[in-house]
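Here are a few exercises to work through with the model on your screen. Try each one yourself, then check the steps.

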Amino acid sequence: MSLTHEAVVACRSCGVPVTVVVADSLNAERHPELKARLLDGTLHRFQCAQCGADLVIDKQLLYFDHARGHFFFCFPRPRIAELAACLAEVREVHDKAFGAEAPPEIQALGKHMMLRVCFGLDQLRDKVIADDARLSDLVLEELKCEVLGSRDDLRALSVIALWLVRVTPDALEFVTEGPDGVRTPPVTVTRALYDELAARGHAAILAARPALVRGPHVSMLGLVLEP
Ligand SMILES: [Zn+2]
């Protein structure tokens, strides 16, 4: 099941209290409407009735989908600064759910789950869209590095991350994240470029950029964490 609860937050613009309903866990099979809201960017996004300001709640969320094998643990975006602690927390949750104490069939299920740690809903959405489209997230992160490294226009806009929002037969579409979370115009990359990188193979990609993978955190953000 999915777990949601009501919370009261202060509008960041006018300060009035706003009542919101947020999810602590999201079961994509049972609640496809919540998955749809994650994908269209409206999950945990509210509007203040008083002043009309957009309110985005950046909170912890466990996303799972047994049929697709997804066990994606999402932390608030700023917690990436404590990556090691977050990875330890997730390891504990995962072990509790699928470890030696769980019934054998649940342990077997755990072995087939794709475990990922995300920071912020942009990254969670990116993981869901990529795997639903049968893309490798490692190849995708390498693709982002190559695109950000080769496009002067993105560097001029100080884009620090690309987040997948749509996959078509010919193209991959991304929104951007600039400083302070600002979006600049979306970025479209040809599917051919993805296929070219995928042909290199995971081992070669990892050998060239080992920081793309930190346990279950598979992300180009791992590169900017290097001292
Ligand atoms: Zn307001």
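**Exercise 1.** Which residues point one way from strand 5, which point the other way, and are they buried or exposed?

*Solution.* Before we start: this is a predicted model, where local features need pLDDT of at least 70, side-chain atom pairs count only at pLDDT 80 or more, and totals for chains, interfaces and linings use all residues. Residues are numbered from 1 along each chain as its sequence is written, and side-chain values use heavy atoms, leaving out hydrogens and water.

Step 1: find strand 5 at residues 61-65. Strands (E, at least two residues) and helices (H or I, at least four) are DSSP runs, numbered from the N terminus.

Step 2: sort the side chains. Leu 61, Tyr 63 and Asp 65 go one way, while Leu 62 and Phe 64 go the other. In a regular strand, side chains alternate between the two faces of the sheet.

Step 3: check the cover. All of these residues are buried (buried is under 20% relative accessible area, exposed over 50%, partly exposed in between, with a 1.4 Å probe and protein chains only).

**Exercise 2.** Find the protein donors of the zinc ion and explain why their arrangement is tetrahedral.

*Solution.* Donors are N, O and S atoms within 2.8 Å of the metal (3.2 Å for Na, K and Ca); water is not among the atoms, so sites may look incomplete.

Step 1: list them. The SG atoms of Cys 11, Cys 14, Cys 48 and Cys 51 lie 2.3 to 2.4 Å from the zinc ion.

Step 2: check the angles. The four donor atoms subtend 106 to 112°, so the arrangement is tetrahedral (for four donors, all angles must lie between 85 and 135 degrees).

Step 3: read the spacing along the chain, which is C-x2-C-x33-C-x2-C. Cys 14, in the loop between strand 1 (3-10) and strand 2 (17-27), and Cys 48, in the loop between strand 3 (45-47) and strand 4 (54-56), link distant parts of the chain, 34 residues apart.

Step 4: compare their cover. Cys 14 is partly exposed at 35% relative accessible area, whereas Cys 48 is buried at 2%.

Conventions: Tetrahedral: all angles 85-135°; square planar, octahedral: opposite > 155°, others 65-115°.
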